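Q: I am new to this structure and would like to learn how to read it. Can we go through it feature by feature?

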Amino acid sequence: MASSGGNAGDIFDVKKIRRLVELMNEHELSEIDLRQADQRIRIRKGGEPMVTMAPVRAQAGPAASAPEAAPAAKVDDQFTALVKSPMVGTFYAAPSPDAPAFIKVGDHVGPQSIVCVIEAMKVFNEIPAEVAGQVMAVLVENGEPVEFGQPLFKVDTRK
Amino acid sequence: MYKRILVANRGEIALRIIRACRELGIETVAIFSDADRGAPYLELADEAYCVGPAKGSESYRKIDRVISAAEIGNVQAIHPGYGFLSENAHFNEVCRSCNIDFIGPTPEAMTRLGDKNTARRIAREAKVPTVPGSEGLIDNEAEAMRVAHEIGFPVLVKASAGGGGRGMRVALNDLALKMALQQARTEAEAAFGDGSIYLEKYVEHPRHVEVQMLADHHGNVVHLWERDCSTQRRHQKLIEESPSPRLSQQTREAMCEAAVRLGKAAGYTNAGTVEFIVDQQGNFYFIEVNARIQVEHPVTEMMTGVDLIKAQIRVASGEPLPFKQKDIKAQGAAIECRINAEDPKKNFQPSPGKITRLMAPGGFGVRFDSHAYPGYVVSPHYDSMIGKLIVHQPTRTEAIECMLRALAELRIEGIKTTVPLHREILGHAAFAEGRIDTTFIERTGLGQ
């Protein structure tokens with residue numbers, strides 16, 4: 001399990017985290033997100049393994065970069081392109097709650113491919129990839145607030 | 001009271017607003033452009049969102065992104081600061097339609113006072129003296145002569161489509177007026193595509209004196225006395241002070257009361273500043289209203305002890321002002337110097353670059369409001385002000401001495417600043433005697 005951001009050792013009990021992961025495995029959960037006062041733990045399995053834990057206030061600035069800090073990221077790879085958010089709003093992976101996601105890891109996209117929807121001021125904006133290649137990673141979660149320039153997807157432009 | 005506010009600005013005023021919110025127990029959402037990413041003051045906010053690239057029109061002035069940040073940040077109100085969207089009535093309206101409070105006047109009051117003609121009309125109706133001038137555009141020479149004789153020479157021929165001091169000609173007598181009319185029309189036609197002109201009385205050696213106004217949503221409109229901002233260069237304020245030197249108590253009171261009358265007549269709420277010019281005889285004339293908090297608001301804060309930013313927030317949230325006019329007392333003397341990243345030796349060209357060393361002054365009655373720090377890169381994308389140095393002392397003489405002392409302590413290296421110019425101005429006899437008008441810097445050529 002990868003660790004990013006925060007002083008995990010200082011704030012949280014490793015035993016508690018281990019127990020949480022055990023619980024996730026027992027009940028076949030892929031993600032848990034717990035908050036208490038200004039503390040938060042979020043653990044996600046599968047695809048990009050990631051453990052985020054931090055005081056809630058630190059989520060804002062670093063939230064944009066926390067996914068990038070995961071060890072699997074090779075952002076400076078010349079064949080890796082990032083699809084970045086052109087606006088401030090809420091990210092949605094699918095056109096509607098019960099519809100399938102626009103894209104998933106492994107899909108091929110072209111510059112005009114709609115990769116997601118970002119809702120801003122009650123308007124749903126379809127976001128084109130603007131690059132061609134194979135989707136390597138989805139860097140944000142459905143319903144997550146995103147800022148201008150925030151990386152949303154990683155695309156391998158060789159494929 | 002609000003739980004959360006979005007600060008729709010950057011730099012020192014964003015820091016100022018965040019500070020006030022922290023003291024009031026209000027959470028803050030800050031916004032930043034790519035150029036301001038990593039700025040230390042952003043860490044004082046509870047959340048911060050990037051709203052665009054460095055260019056102001058693509059970030060801090062981009063209404064949809066600012067509003068989106070407000071929505072995802074879950075705020076109840078937005079403080080616009082000064083500049084950027086602070087006097088944008090459309091933005092104000094958008095906030096309202098999104099159920100977010102705009103910390104400032106209503107869009108209607110803002111529009112009313114934003115239009116110079118309407119503002120002047122409201123002023124005249126409220127018996128606030130305005131600069132004498134032609135009622136509208138001048139159609140022919142005969143009319144120009146008539147008006148000029150009515151208001152008295154010297155007169156200023158101004159281009160209706162002009163701005164920034166362009167398309168203006170001073171005429172001292174009939175003959176000069178004939179020539180000035182022709183020249184102004186031709187110049188205006190060439191520069192703005194519109195040769196329309198009007199006349200205004202030319203106030204010689206004017207002083208710029210403004211009155212701070214505060215109005216709540218319960219009908220209480222008060223003034224917090226005046227600020228003299230006559231020390232200007234090319235219409236940009238350099239030094240502001242209070243009380244205005246050489247203004248009789250009678251004039252001071254009349255001006256401040258006029259400002260309150262105007263505020264009431266315009267249905268104004270929240271903070272605003274009423275600007276006047278004062279001629280050498282002590283007559284004052286209304287110029288315009290700045291429907292926002294101003295850069296130099298700390299001068300008034302030091303004089304009256306009133307935290308204007310907190311007052312703005314409280315008023316916007318519906319609280320009545322906790323004082324009446326008689327409770328507002330001005331004490332001592334305060335001076336503010338705007339520290340700009342400009343090179344006086346190169347005609348005050350902006351001097352962007354990295355600040356390699358910064359040491360702020362301190363001591364009794366010294367306040368330094370700045371977002372700058374060692375390592376800060378002064379960006380060419382925004383205005384060049386990097387900080388405000390304010391002093392407050394029991395007398396004006398002591399305030400000047402204190403400011404000189406504080407300016408000598410202030411160390412900013414890596415960029416050129418206006419600090420040497422401030423020291424020259426404050427050491428000048430004319431300043432000590434309070435004999436400054438808006439032409440002073442240009443006339444004396446100080447700083448160059």
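Q: Where in chain B is the place of Tyr41(B)?
A: This is a predicted model. Tyr41(B) sits in the loop that links strand E2 (27-33) and strand E3 (47-52) of chain B.

Q: Does Tyr41(B) count as buried or exposed, and why?
A: A residue is called buried if 20 or more other C-beta atoms lie within 10 Å of its own. Tyr41(B) has 22 C-beta neighbours inside 10 Å, so Tyr41(B) counts as buried.

Q: Which residues does Tyr41(B) touch, leaving aside those up to four places away in sequence?
A: With that exclusion, Tyr41(B) is in contact with Ala14(B), Leu15(B), Ile18(B) and His371(B).

Q: How far apart are Tyr41(B) and Glu187(B), in sequence and in space?
A: The two residues are separated by 146 residues in sequence and by 46 Å from C-alpha to C-alpha.

Q: Into which domains is chain B divided?
A: The assignment gives domain 1 (4-103), domain 2 (141-201) and domain 3 (207-444). Between the centres of domain 2 and domain 3 of chain B, taken over C-alpha atoms, there are 32 Å.

Q: How are two packed helices described, and what are the values for H1(B) and H10(B)?
A: The description uses the angle between the two axes and the distance between them. In chain B, the axes of helix H1 (residues 11-24) and helix H10 (residues 308-316) come within 9 Å and cross at roughly 65°. This crossing of H1(B) and H10(B) is right-handed.

Q: Which residues make that contact?
A: From H1(B) they are Arg16(B), Ile17(B), Ala20(B) and Leu24(B), and from H10(B) they are Ile309(B), Lys310(B) and Ile313(B). Sorted by class, the contact of H1(B) with H10(B) has five nonpolar and two charged residues, and no polar ones.

Q: How many residues of H10(B) are buried, and what covers them?
A: Eight of the nine residues of H10(B) are buried, and the helix is mostly covered. Among the buried ones are Leu308(B), Gln312(B), Arg314(B) and Val315(B). The cover includes H1, strand E4 (77-79), strand E5 (101-102), strand E9 (207-215), strand E12 (270-278) and helix H9 (297-304) of chain B. Just after H10(B), Gly318(B) has a positive phi of about 100°.

Q: What is the strand order in the open sheet of three strands of chain B?
A: The order is E7-E6-E8, and the pairing is antiparallel. Strand E7 (168-171) and strand E8 (197-201) of chain B are the edge strands, each pairing on one side only. On average, neighbouring strands of this sheet are turned by 25° against each other, direction ignored.

Q: Over how many bridges do E6(B) and E8(B) pair?
A: Strand E6 (residues 155-159) of chain B pairs with E8(B) over five bridges, in the antiparallel sense. In one of the bridges, Val157(B) has Leu199(B) of E8(B) as its partner.

Q: How many helices and strands does chain A have?
A: Chain A has three helices and 12 strands. Of its 159 residues, 31% count as buried.

Terms used:
Residues numbered from 1 in each chain as written. Chains lettered and ligands numbered in written order. Predicted model: local features only at pLDDT ≥ 70, side-chain atom pairs only at ≥ 80, totals over all residues. Helix = DSSP H or I, 4+ residues; strand = E, 2+ residues; numbered from the N terminus. Buried ≥ 20, exposed ≤ 12 C-beta atoms within 10 Å, placed from the backbone. Axes fitted to C-alpha atoms, helices over the stretch in contact; angles between N-to-C directions. Left-handed = near helix turned anticlockwise from the far one by under 90°. Contact = placed C-beta atoms within 7 Å. Nonpolar A, V, L, I, M, F, W, Y, C, P; charged D, E, K, R; others polar. Domains from an automatic or database assignment. Pairing = 2+ DSSP bridges.
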